[in-house]
Amino acid sequence: MQHDAFIGQVQARARLDSRGSAERVTRASLETLGERVPSTVAEKAAAQLPHEIGEHLRRVAHAPGEPFTGERMTPADFFTRVAERAGTSYPKAIHEARCVIEVADEATNGALGTDVRPSLDAELESVLFAGSSGHT
């Protein structure tokens, strides 16, 4: 999947009004995921995504002065960070981040989930991978 198709899918599934909004929530979701999972997991997942999309995972994993990777966070912490980065409300951040992860998982033929899920606690994993419909 190419960058434009990826962003278009996020925009459609999250019912966002612009490509810019889809770009913001994609960046916010993947940067936060990059903080949550170990850098080796983030790098492996990033390599399977379109380059521009994967960079959101890599940037956090390797940027000096950024939070450590593999940081433990509750689902509330995770989605609060997404909301702040994307400039959206907490409830919207949950839905929009799930859409981003759903598109990313499909773009990698399920490899993103295979790589990332073991690094997440059960509660965050179940919410994050619930997809655009909210069902696992």
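Predicted model: local features only at pLDDT ≥ 70, side-chain atom pairs only at ≥ 80, totals over all residues.
Glu43 has a relative accessibility of 31%, so it counts as partly exposed.

Arg58 also forms a salt bridge with Glu55, again with the closest N and O atoms 3.0 Å apart. Here both residues sit in helix α4, three residues apart, or about one turn of the helix. Glu55 counts as partly exposed, at 25% relative accessibility.

A quick reminder for anyone new to this: side chains of opposite charge can pair when their charged atoms come close.

How many salt bridges does a search of the whole structure find? It finds 11. Another of them joins Asp4 and Arg19, whose closest N and O atoms are 3.4 Å apart. Asp4 belongs to helix α1, residues 3–13, and Arg19 to helix α2, residues 19–36, so this pair ties together parts that are 15 residues apart in sequence. Are these two buried or exposed? Asp4 counts as exposed, at 53% relative accessibility, while Arg19 is partly exposed, with a relative accessible area of 35%.

There is also a network of salt bridges, and its linked members are Arg27, Glu31, Glu35, Arg81 and Arg85.

Helix α1 packs against helix α6, residues 90–107, at an angle of about 140 degrees, and their axes are 9 Å apart. That angle makes α1 oblique to α6, because only angles over 145 degrees count as roughly antiparallel. The crossing of α1 past α6 is right-handed.

Which residues make this contact? From α1 we have Phe6, Gln9, Val10 and Arg13, and from α6 we have His95, Cys99, Val100, Glu102, Val103, Ala104, Glu106 and Ala107. Sorted by class, the contact of α1 with α6 has seven nonpolar, two polar and three charged residues.

While we are in helix α1, have a look at Ala5, which lies there too. Ala5 is partly exposed, with a relative accessible area of 41%. If you'd like a sense of distance, Ala5 and Gly70 are 65 residues apart in sequence, and their C-alpha atoms are 29 Å apart in space.

Helix α6 has a contact with α2 as well. The axes of α2 and α6 cross at roughly 80 degrees and come within 9 Å. The two helices are therefore roughly perpendicular to each other, since angles of 65 to 115 degrees count that way. On the α2 side, the contact is made by Val25, Thr26, Ser29, Leu30 and Leu33, and on the α6 side by Glu96, Ala97, Val100 and Ile101. By class, the residues of this contact divide into six nonpolar, two polar and one charged.

To wrap up, α1 is oblique to α6, whereas α2 and α6 are roughly perpendicular.

Notes: Residues numbered from 1 in each chain as written. Heavy atoms only, no water. Salt bridge = Lys/Arg side-chain N within 4 Å of Asp/Glu carboxyl O. Helix = DSSP H or I, 4+ residues; strand = E, 2+ residues; numbered from the N terminus. Buried < 20%, exposed > 50% of the residue type's maximum accessible area, 1.4 Å probe, protein only. Axes fitted to C-alpha atoms, helices over the stretch in contact; angles between N-to-C directions. Parallel < 35°, antiparallel > 145°, perpendicular 65-115°, else oblique. Left-handed = near helix turned anticlockwise from the far one by under 90°. Contact = heavy atoms within 4.5 Å. Nonpolar A, V, L, I, M, F, W, Y, C, P; charged D, E, K, R; others polar.
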